[in-house]
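Subject: Handover of a structure and notes on its contents

Dear colleague,

Please find the structure below for your records.

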Amino acid sequence: MAVVLPFILLGGLLYAAGHGQQTEGETVHQPMPVQAGHLQLQDSYEVERLALAKVESPNLAQVGFELSGKVKTLYRDEGEQVNAGELLAQLDTARIDAELMQLKASLERTRADARLAALTEQRVAQLVARKLDSAQRLDEAKEALAAAQARVKETEAGVARLQVELEKSRILAPFSGTLTSRRVDEGTVVAAGTPVFTLQQASGLEARLALGAQDASALTVGQKVTMYRQGEIFDGIVKSIGRHRALDTRTLDVMVSLDDQSSLLVPGDLLEFKLHKKVNQRGAWVPRQALSTGVRGLWNLYLLEQVEQNHRIRPQLVEVLHLEQDRAFVSGALADNTPLVLNGTQRLVPGQLVSVQGFTDVLAMTTGDGHE
């Protein structure tokens, strides 16, 4: 028994090993489950590009005095909001005030002379009518009255000139806005036209777009457009389309008037403007996950062929015409409504059997509204 027992054990082990191999060989692999969809061919696709628009103020003025002189008072400072017609600064007007006082006194004297000349002319006319004085004397009285009246007008013009100079010795805000800078201090002697403040209009902002001629021609004056900034939406209307190219960029300037929401913006902000261009090329939108690397710069789609209850993988080379964040527009030897694998292509090989778990609307999926 000691000799026979090892042989019996060895035979049992060999039988068990053979039975295990036979069981393993009979294992049936289930087809891999995949999510599928149907190609939907179309004759064109739309390309979306972003252009940047710079927000600008419709009015930006360098305001200063029209006269030379010493700055007496600055009523406003940099960064403050001002209203149209508000007094911003004043020159020292002591000299003009003295001249104006002198001219007003002269005006009173010339008016008195004119009144006396008028009375004299009336009396001489009465004497001439009664033949108590000569016609020569009447002519002299009339000319004296005319000369006195001319001196009155001359003096009045001098007073008006000084009053204009007084007005020009003040700076009034030409429009409502923000003082973005102040150039001088009180006590500074400035020349005529020297900028004192920079005034920027705060309302009615505009956006400047630099577009190529083809993109600019797709817009029309008065057209409503929409711009974006970090999720915010700003509506506007095309105000003008430039007819001269910029020398450095070869683009045309398109000005857009922004609506009341522009209060949320300040000049210098950047807005995004979406450009849409239609490309006439037959193909289909597919998810980027449906693509796998092909040969010679091409890509593969894994199409599905019906095999009894399952499907078999068939690779199809395609050319990617346009690529976006989560989808691609491809062209190739494709038939409409052909089923394809939508994702997980890295786990598959050509000729493999797969089990379709469900079909998804590919077109809706590639526009962000996918549903099963």
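**Strand pairing**

Lys-70 stands opposite Val-189, a residue of S9. The model is a predicted one, in which local features need pLDDT of at least 70 and side-chain atom pairs count only at pLDDT 80 or more, while totals for chains, interfaces and linings use all residues. Residues are numbered from 1 along each chain as its sequence is written, and side-chain values use heavy atoms, with hydrogens and water left out.

Strand S4 (residues 69–74) and S9 are paired in the antiparallel sense, over two bridges. Strands here are DSSP runs of E with at least two residues, and helices are runs of H or I with at least four residues, numbered from the N terminus. Two strands are taken to pair if DSSP finds at least two bridges between them.

S4 and S9 belong to an open sheet of four strands with antiparallel pairing, in the order S7-S6-S4-S9. Its edge strands are S7 (170–172) and S9 (189–190), each of which pairs on one side only.

Another open sheet, also of four strands and with antiparallel pairing, has the order S3-S10-S8-S5. Strands S3 (60–64) and S5 (81–82) stand at its edges with a single partner strand each, so one side of each has no neighbour in the sheet. Within this sheet, S8 (residues 177–182) and S10 (residues 195–201) run antiparallel and are joined by five bridges. Arg-182 has Phe-197 in S10 as its bridge partner. In general, the strands of a sheet pair through backbone hydrogen bonds, either parallel or antiparallel.

Ser-331 is part of strand S19 (residues 327–332). With a relative accessible area of 17%, Ser-331 is buried; the classes are buried under 20% relative accessible area, exposed over 50% and partly exposed in between, with a 1.4 Å probe and protein chains only.

The side chain of Ser-331 reaches the backbone oxygen of Arg-282 at 3.3 Å. Leaving aside residues up to four places away in sequence, Ser-331 touches Gln-281, Arg-282, Gly-283, Val-318, Glu-319 and Leu-321, where contact means heavy atoms within 4.5 Å.

**Salt bridges**

A salt bridge is defined as a side-chain nitrogen of Lys or Arg within 4 Å of a carboxyl oxygen of Asp or Glu. By this rule the count comes to 19 salt bridges.

One of them joins Arg-208 to Glu-56, with the closest N and O atoms 2.8 Å apart. This pair links distant parts of the chain, as Arg-208 lies in strand S11 (residues 206–211) and Glu-56 in strand S2 (residues 42–56), 152 residues apart. Arg-208 is partly exposed, at a relative accessible area of 31%.

Glu-156 and Arg-111 form a salt bridge in which the closest N and O atoms are 3.0 Å apart. Because Glu-156 lies in helix H3 (residues 135–168) and Arg-111 in helix H2 (residues 94–129), the pair ties together parts that are 45 residues apart in sequence. Glu-156 is partly exposed at 33% relative accessibility, and Arg-111 is partly exposed with a relative accessible area of 30%.

A salt bridge also connects the side chains of Glu-232 and Arg-229 (2.7 Å, N to O). Here Glu-232 is partly exposed, with a relative accessible area of 30%, whereas Arg-229 counts as buried at 19% relative accessibility. Elsewhere, salt bridges that share partners join Glu-56, Arg-208 and Asp-253 into one network.

Yours sincerely

Note on methods:
Polar contact = N/O pair within 3.5 Å; in protein donor to acceptor, adjacent residues only side chain to side chain.
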